[in-house]
Amino acid sequence: FCLVFFGQMENDFFTSTFDQDQDQTQFQAPPVQPSMDRKVNIWTGRFEDESPLLEELGISFSNITQRTVLVLNPIQKEATLDVIQDVDLTGPVIFCLVFGVFLLMAGKVHFGYIYGMGVIACCAMWMLLNLMSRTGIDMGRTASILGYCLLPIVLLAGLGIVFPLNNTIGYIITFGVVLWCSKAASLMFITALQLRDQTILIMYPAGLIYACFALLALF
């Protein structure tokens, strides 16, 4: 009786295992064949019609160059909406890192201050601009504009490595750089929000923000 019982169990086990393998074979998806129309580069192993990696990550060097040139022109009176419309945080991150490195070369370790002040400045400016305009602005674009307009202060920090800024000439240069940054930021915000006759209202809070960053390079 025991032999008959165990033999029946073994037969049922192999029968169920065979049925499961047959079901998996039946419902298994056919292998995907690569398209013969797409050509593969033998050197990189990528498809020739595939977009570059930087473009897939949203990094555009042309957009970074256009915004940098716009900020570095202190007599610029207008900005195009196409340059400011995209949310690009690559340039601001690079500028903040370079700013911290320049301060480090001058004997000042302020990476934490740069990060903390940057977050507080973006949040405060974002809330203020949404109260001033009807269309509003998102946090990413606010951080992008504030970060790009930090470039003159980055150059000021680089100047502080060679020449001491804690004197009368340094104070005058720092004041001019703060005005430069606040004017560039005001121009970009006005263009992005399509505002009129509110340059001074935006320059004032932007000037306070950039004055805090200038103090890091000054003292």
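**Exercise 1. Classify the lining of the largest pocket as nonpolar, polar and charged.**

Step 1. Sort by class: the lining of the largest pocket holds 17 nonpolar, 2 polar and no charged residues. Ala, Val, Leu, Ile, Met, Phe, Trp, Tyr, Cys and Pro count as nonpolar, Asp, Glu, Lys and Arg as charged, and the others, Gly among them, as polar.

Step 2. On a 1 Å grid over the protein atoms alone, a pocket is an open set of points with protein on both sides within 12 Å along at least five of seven lines, while a cavity is a set where a 1.4 Å probe fits but cannot get out; lining residues have an atom within 4 Å of a point. Grid points are joined across faces, edges and corners, and a volume is the space filled by probe spheres set on the points.

Step 3. Of its 19 lining residues, Pro92, Cys96, Ile114, Gly118 and Val119 lie nearest the centre. Two or more lining residues come from each of α5 (90-105), α6 (111-132), α7 (139-148) and α10 (199-218). Helix α6 gives the most, 7 residues. Helices (H or I, at least four residues) are DSSP runs, numbered from the N terminus.

The model is predicted: local features need pLDDT of at least 70, side-chain atom pairs count only at pLDDT 80 or more, and totals for chains, interfaces and linings use all residues. Residues are numbered from 1 along each chain as its sequence is written, and side-chain values use heavy atoms, without hydrogens and water.

**Exercise 2. Describe the largest cavity and its lining.**

Step 1. Count: the structure has 1 cavity of 30 Å³ or more.

Step 2. List the lining: Leu70, Val71, Asn73, Pro74, Gln76, Trp180, Lys183, Ala184 and Leu187. Helices α3 (61-72) and α9 (168-193) each give two or more residues. The most, 4, come from α9.

Step 3. Classify: 6 nonpolar, 2 polar and 1 charged.

**Exercise 3. Is Ser182 buried or exposed?**

Step 1. Locate Ser182: helix α9.

Step 2. Apply the cut-off. Ser182 is buried because its relative accessible area is 2%, with buried meaning under 20%, exposed over 50%, partly exposed in between (1.4 Å probe, protein chains only).

Step 3. List contacts (heavy atoms within 4.5 Å). Beyond four places in sequence, Ser182 touches Met203, Ala206, Gly207 and Tyr210.

**Exercise 4. Which element has the lowest mean pLDDT?**

Step 1. Helix α1 (residues 2-27) is lowest at 46, and helix α8 (residues 151-162) highest at 95. pLDDT is the predictor's confidence in each residue, from 0 to 100.

Step 2. Residues 1-14 stay under 50, with 0 contacts beyond four places in sequence.

Step 3. Where pLDDT is low, predicted coordinates should not be read in detail.
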